[in-house]
Amino acid sequence: MDFEKLLDESIKIHGHLCPGQVLGVKMTMLGLRKIGIEDPKGKDRKNIIVFVEMDRCATDAVQSVTGCSLGHRTMRFMDYGKMASTYVNLKTGKAVRIIAREDSRDKAKSYFPHIENKHKAQLEAYMVMGDEELFDVMDVLVELKPEDMPGRPLKRVMCDSCGEHVQDMRDRFIDGRVLCRYCAEGGYYTIEDKSCSK
């Protein structure tokens with residue numbers, strides 16, 4: 001894998017070059033090496049799932065390098081707010097979680113002390129810093145349920161309350177009723193037009 005080429009592809013998708021793009025590309029290259037995935041967009045494309053823990057710039061880089069996406073069900077977003085991602089080889093079961101080291105921000109200053117702009121110094125330093133300075137790597141076990149795997153939905157049901165359909169076993173069974181998560185637990189939105197509510 002060619003870092004410069006992958007970074008260029010990532011910049012095209014993300015729209016600009018930033019430290020998060022550099023970290024995301026390097027993080028993903030390391031993760032793929034550790035789990036034995038050589039060609040994530042080609043021969044290995046059906047053998048990988050990635051869990052991302054941040055909704056920041058690096059996630060675009062992870063998607064760009066791996067070809068994994070939410071729409072293909074090969075990327076999972078875990079809203080942990082951490083600059084971390086986990087790479088799983090579905091064929092072998094090998095999984096690694098990689099997290100960006102917080103001290104790499106401070107080390108970046110020592111690489112380019114003449115650059116006053118902290119953001120620019122980080123960008124330049126991350127380009128040349130080694131993986132061991134940028135990341136911590138841990139072997140992990142990721143248990144995937146059949147309903148979490150890519151492919152067609154295993155089940156599709158209608159919510160007894162709102163009438164909307166739920167797939168991939170994301171429904172809840174409460175007091176003898178099939179409910180979507182919104183009807184069972186509440187959600188991120190509030191219905192303004194009460195004539196549409198449950």
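Trainee: Let's start with α2: is it mostly covered or mostly open?
Mentor: Mostly covered. Keep in mind that this is a predicted model. In it, 15 of the 17 residues of α2 are buried.

Trainee: And what about its length, how far apart are the end C-alpha atoms of α2?
Mentor: They are 24 Å apart. That agrees with expectation, because 17 residues at 1.5 Å a residue should span 24 Å.

Trainee: What comes just after α2?
Mentor: Gly36, which has a positive phi of about 80 degrees.

Trainee: Okay, on to the inside. Which residues touch the most other members of the largest nonpolar core?
Mentor: Val25, Val50, Tyr87, Ile98, Tyr126 and Phe135 do, in a core of 34 residues.

Trainee: Which elements give two or more residues to that core?
Mentor: The helices are α1 (3–14), α2 (19–35), α3 (57–66) and α5 (118–128), and the strands are β1 (48–52) and β4 (95–100). Your α2 gives the most, with eight residues.

Trainee: Let me pick Tyr126. What is it in contact with, leaving aside neighbours within four places in sequence?
Mentor: Tyr126 is in contact with Pro19, Val22, Leu23 and Lys26, and also with Ser104, Arg105, Ala108 and Leu134.
Mentor: Apart from this core there is another one, of eight residues, including Val166, Val178, Tyr182 and Cys183.

Trainee: Nice. How many aromatic pairs does the count come to?
Mentor: Two. Tyr182 and Tyr189 are stacked, at 4.3 Å centre to centre and 0 degrees between the planes. Tyr188 and Tyr189 make the edge-to-face pair, at 5.0 Å centre to centre with 80 degrees between the planes.

Trainee: So which residues do the ring pairs link into a cluster?
Mentor: Tyr182, Tyr188 and Tyr189.

Trainee: Is Tyr182 buried or exposed? And how about Tyr188 and Tyr189?
Mentor: One of each class. Tyr182 counts as buried because its relative accessibility is 17%, Tyr189 is partly exposed at 32%, and Tyr188 is exposed at 79%.

Trainee: Now a strand. Where is Thr86 found?
Mentor: In strand β3, residues 84–89. Thr86 is buried, with a relative accessible area of 7%.

Trainee: Which residues does Thr86 touch, not counting those up to four places away in sequence?
Mentor: Thr86 touches Ile49, Val50, Phe51, Glu53, Val96, Arg97, Val140 and Val142. As for Ile49, its C-alpha atom is 8.4 Å from that of Thr86, while the two are 37 residues apart along the chain.

Trainee: Last thing, backbone angles. Where is Asp168, the non-glycine with a positive phi?
Mentor: Asp168 lies in the loop between β7 (165–167) and β8 (172–174), and its phi is about 60 degrees. Met169 is found in the loop between β7 and β8 too, and also has a positive phi, near 60 degrees, without being a glycine.

Trainee: And is Asp168 buried or exposed?
Mentor: Asp168 counts as buried, at 11% relative accessibility, whereas Met169 is partly exposed, with a relative accessible area of 35%.

Trainee: Great, thanks for going through it with me!

Technical notes:
Residues are numbered from 1 along each chain as its sequence is written. This is a predicted model: local features need pLDDT of at least 70, side-chain atom pairs count only at pLDDT 80 or more; totals for chains, interfaces and linings use all residues. Side-chain values use heavy atoms; hydrogens and water are left out. A nonpolar core is a set of buried Ala, Val, Leu, Ile, Met, Phe, Trp, Tyr and Cys residues joined through side-chain atoms within 4.5 Å. Buried means under 20% relative accessible area, exposed over 50%, partly exposed in between (1.4 Å probe, protein chains only). Helices (H or I, at least four residues) and strands (E, at least two) are DSSP runs, numbered from the N terminus. Contact means heavy atoms within 4.5 Å. Rings of Phe, Tyr and Trp (its six-membered ring) pair if their centres lie within 6.5 Å; planes under 30 degrees apart count as stacked, over 60 as edge-to-face and the rest as tilted. The expected span of a helix is 1.5 Å times one less than its number of residues.
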